[in-house]
Amino acid sequence: MRLRAWPTLVALVAAGLLTAQSAAVAQSVVPFHADSGDSCRRGLTEGSLEWVEGPVIRPTVRVEGYLSDEAHPSICQNRDGMYSTATFTAYNGSTIVDYETYKADDEQVKFSFALSDPTGVTAIDRVVVGVCRFNSSPIGISYCGSPAEYKMP
């Protein structure tokens, strides 16, 4: 009778530990916005940053949102032959932990990804989001809006 009780006891303890672990995971969601800095708002990105950390969980920032390049109605009538990029750079202090870049050209691109240290150890204390626009031809102008910085809540 005692031998049959052990598997049940082990399963109950394991379930309790998993429940305690998921309850101990800290999650904070912060909305983000960055644009290309021009008066027409030709390039912009919006969405949410979700900090996920815990005692056994890999420190991660989940990013969900979209990048828009001339996809919204604007006071500017003509397309300008440029495309937009959004860059998300995760930091711990002044050290870059991870980064991701997305591109949109006369469209809206949705994205969902995670920023984290490849070793799974270093926490992320802030994320910097920037939008730049580049000419589609090899010769031309490019410009960037002011980067937006979001600190871990």
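Start by selecting Glu70: this residue is buried, with a relative accessible area of 9% (buried means under 20% relative accessible area, exposed over 50%, partly exposed in between, with a 1.4 Å probe and protein chains only). This is a predicted model, where local features need pLDDT of at least 70, side-chain atom pairs count only at pLDDT 80 or more, and totals for chains, interfaces and linings use all residues. Residues are numbered from 1 along each chain as its sequence is written, and side-chain values use heavy atoms, leaving out hydrogens and water.

Glu70 and Arg42 form a salt bridge, with the closest N and O atoms 2.1 Å apart (that is, a side-chain nitrogen of Lys or Arg within 4 Å of a carboxyl oxygen of Asp or Glu). Glu70 sits in the loop between β3 and β4 and Arg42 in the loop between β1 and β2, so the pair ties together parts 28 residues apart in sequence. Bring in Asp69, Asp80 and Arg133 too: with Arg42 and Glu70 they are linked in a network of salt bridges.

Next, pick Glu149 and Arg126, whose side chains meet in a salt bridge (3.2 Å, N to O). Glu149 is partly exposed at 42%, while Arg126 counts as buried at 18%.

Last stop: Val63, Phe88, Leu115 and Val127. These have the most contacts inside the largest nonpolar core, which has 23 residues (such a core is a set of buried Ala, Val, Leu, Ile, Met, Phe, Trp, Tyr and Cys residues joined through side-chain atoms within 4.5 Å).

Note on methods:
Helix = DSSP H or I, 4+ residues; strand = E, 2+ residues; numbered from the N terminus.
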